[in-house]
Amino acid sequence: MIVGVLLPLPFNEPFDYRVEGEAAPGDLVRVSFGREVLPGVVWTIGKSSNLDDSKIKTIIEKFNLPPLSAELRKFISFVAQYNMAPLGLVLKMVISVRGVFDDPKMNVMYELSGKTLAEAKLKNSDARWRVMDFLKFAPFNRQEIAAGAGVGQSVIKTMIDAGVLRPVLVEAKKDFSVPNPVFQKVKLTDEQEAAASLLVSEIGNGFNVTLLDGVTGSGKTEVYFEAVAKALEQGRQVLIMVPEIGLTAQWLKRFEKRFGVVPAKWHSALGNRERTDTWKAVAEGRAKVLVGARSALFLPYRNLGLIVVDESHDQSFKQEDAVNYQGRDMAVVRAKYEQIPIILSTATPDLETVVNVEEGKYDVVELHNRFAAAVLPEIKIIDLKQDKPLRLMRPDGSGSEPSWLSPTLTEALKENLDKGEQSMLFLNRRGYAPLVICRDCGHRIQCPNCTAWLTEHRKANRLICHHCGYMVPIPQECPECHSPNGLTACGPGVERVAEEIKYRFPLARTKVLSSDFTTNFQEVSEVIAAMERGEVDILIGTQILAKGHHFPALTLVGIVDADLGLMGSDLRAAERTFQLLSQVSGRAGRGEKKGTVYLQTLYPENAVLQALAANDRCKFIELEKKTRRILKMPPFGKLAAVIVSGPNQEETEKTAILLGQNAPNTAYISTLGPAPAPIFMLRNKYRYRLLLKTAKNIKIQDVVRDWLKRVRVPGRVRVEVDIDPYSFY
């Protein structure tokens, strides 16, 4: 029997292999490919190549693992075709956990051999009979037998030595506790109850997409938990997708309080052993609820019954590495293939989702009120042209430092401290300063691998490139003119804001929440827990602060630079800023006391900030919709980015120009570029970009495929396609 085996490599077609015995599509196998031995999946039955039968290799082994379902295989094919990615690289995301294919760890267990006590010449005793009763239906290890039968180890040893019990090897499997759908039901408000009822009614009734649209603090999590409970009652599995950075202990505690156990987890910080255990438990249906980042979408669920995408607006669901895809959109596709409902939960839905609701493609349930007595915060705009930050004297009297906090915000922080209430400062910029420049010669310290400035990280005493990871110690003198005193930090990062807070409020208990300070899930959870316990007066951080955290004592939020992001050149800059600032603002006043949010800006008249201050999301959405419709940008048109990169600038530029000359341009298709990318050099590769824009009813993938066929690309030049691009760097 000859079958086609798809391998986790950048190919679009399976390779022919001979199989001894039976094989079916979806079977997981091990094969030799060149000098490597790789896992793969039986994709087709029958020969598909012109290779002589005698040269076709034989499959090494078929794994004792559940096969990939037909629905998952269709999903893999769709993701590859839609995103113009090699089929094998999409499969790689499904079978990337190498430990799954290693020989499993085995435990020694004991079962009844069939030999009686009399045959073994052992006397009858209550202890021995209890052991035999305990082992009637399944094998157990010695400790489990001793505990279950209530006997000592000597009784068990005697029965083993006499041959009444015999050892068997059983695969060691991590136990995943089953969530209890009725463990501790939450009392919902009438509004929440109505929303939950609609979501629950969709479970078990085929494919459906529902937007759960609720203001920050309205209890969206508790509402979709009711749908999770219903799926569990039906014996189905549930996937809850979250932005990776938002997977905190606070959410996990809420889940455990509702269902009695912690769910299975899937994110980049897991070790190989835990990833292996979780993958197998998902495939075998033992992990009933899994919460994870976008990659969790590609796990081989045995019996999936519901998908929830929490914070569905979050742009971190877009992957831009190896395979470019939008996790939220691909989750909708997987739900369609599995014929199950999917819930998109957010306080700030993206425009694509809003338009899908308006066109009747998605249902919607809305939560307009915060839970209990909480009310939405008051948002105040601080015009930095009028309310200018004053220079700050260093505590040691050695001079002054630039200040980044206006007098109004500084006074509000002082008053909040005096009242014993918590405050939060948000700045979406890591490090101490985004740029180091020499005042004597004007030299800016740049990454040698990228056209990007190095960011100063004073705590680590490093200058770091946030694009390629290059780092060097902070120099003692200017690398260009060797001035010993010329280097100065320009602009603030969260470290610099934290330094100012220490100067101004030396007795305040402060914490910084940023990937530079909190490098793993455990550290993030500890900071969040300290904030919850009231052990932090002022929390300072980046976008990690926006991810659904609930701090009842937090009454003041200061956004240090509300303009950061508004000046971006990509089409979603305004939307991204509105969503991020709305989410950060929503952390304030979630308890009994009303919150206040201060937005520091140089452009107080900006429409995004005005809509935020007025708490008028509809006004912003209508403005954004009007702009995109005029420009025929998504969701009223389609985009595909073509990125040309290579180590030789001339060769790369020629390829980009050739692509531009062969670009398809009609009344419904237009091409922009080529142009040097904003980050012209990235990881020692020169980069040019082209942008294809088509009408909404055109299949843009077909246009791109036809376009790329017309141009011969040199071997050292890479052409990457990004369907529905989010980043334009």
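This is a predicted model: local features need pLDDT of at least 70, side-chain atom pairs count only at pLDDT 80 or more; totals for chains, interfaces and linings use all residues.

Modeller: Let's start with β8 (208-214) and β15 (341-346), which pair in the parallel sense over six bridges. Two strands count as paired if DSSP finds at least two bridges between them. Helices (H or I, at least four residues) and strands (E, at least two) are DSSP runs, numbered from the N terminus.

Residues are numbered from 1 along each chain as its sequence is written, and side-chain values use heavy atoms, with hydrogens and water left out.

Now zoom out. The pair belongs to an open sheet of seven strands, running β10-β11-β9-β12-β15-β8-β16, with parallel pairing. β10 (264-266) and β16 stand at the edges with a single partner strand each, so one side of each has no neighbour in the sheet. On average, neighbouring strands here are turned by 20° against each other, direction ignored. For angles like that, axes are lines fitted to C-alpha atoms, for helices over the stretch in contact, and the values run from 0 to 180 degrees between N-to-C directions.

Next, the helices on the sheet. Helix α6 (residues 190-202) packs on it and touches β8, β15 and β16, where contact means heavy atoms within 4.5 Å. The direction of α6 makes about 155° with that of β16. Helix α8 (residues 249-259) packs on the sheet too, touching β9 (237-241), β10, β11 (289-292) and β12 (304-310). Its direction makes about 165° with that of β11.

Then there's α11 (residues 351-358), a mostly covered helix with seven of its eight residues buried. Buried means under 20% relative accessible area, exposed over 50%, and partly exposed in between (1.4 Å probe, protein chains only). The buried ones are Leu351, Glu352, Thr353, Val354, Val355, Asn356 and Val357. Their cover includes the sheet strands β8, β15 and β16 (363-367), along with the helices α10 (327-338), α15 (573-585) and α17 (617-631). Just after α11, glycine 360 takes a positive phi of about 80°.

Most peptide bonds are trans, and most residues other than glycine have a negative phi. Another cis bond joins glycine 673 and proline 674, with omega about 10°, and proline 674 lies in strand β31 (residues 669-682).

The loop between β31 and β32 (685-695) holds arginine 683, which has a positive phi of about 55° although it isn't a glycine. Asparagine 684 is in that loop as well, and it has a positive phi of about 65° although it isn't a glycine either. With a relative accessible area of 42%, asparagine 684 is partly exposed.
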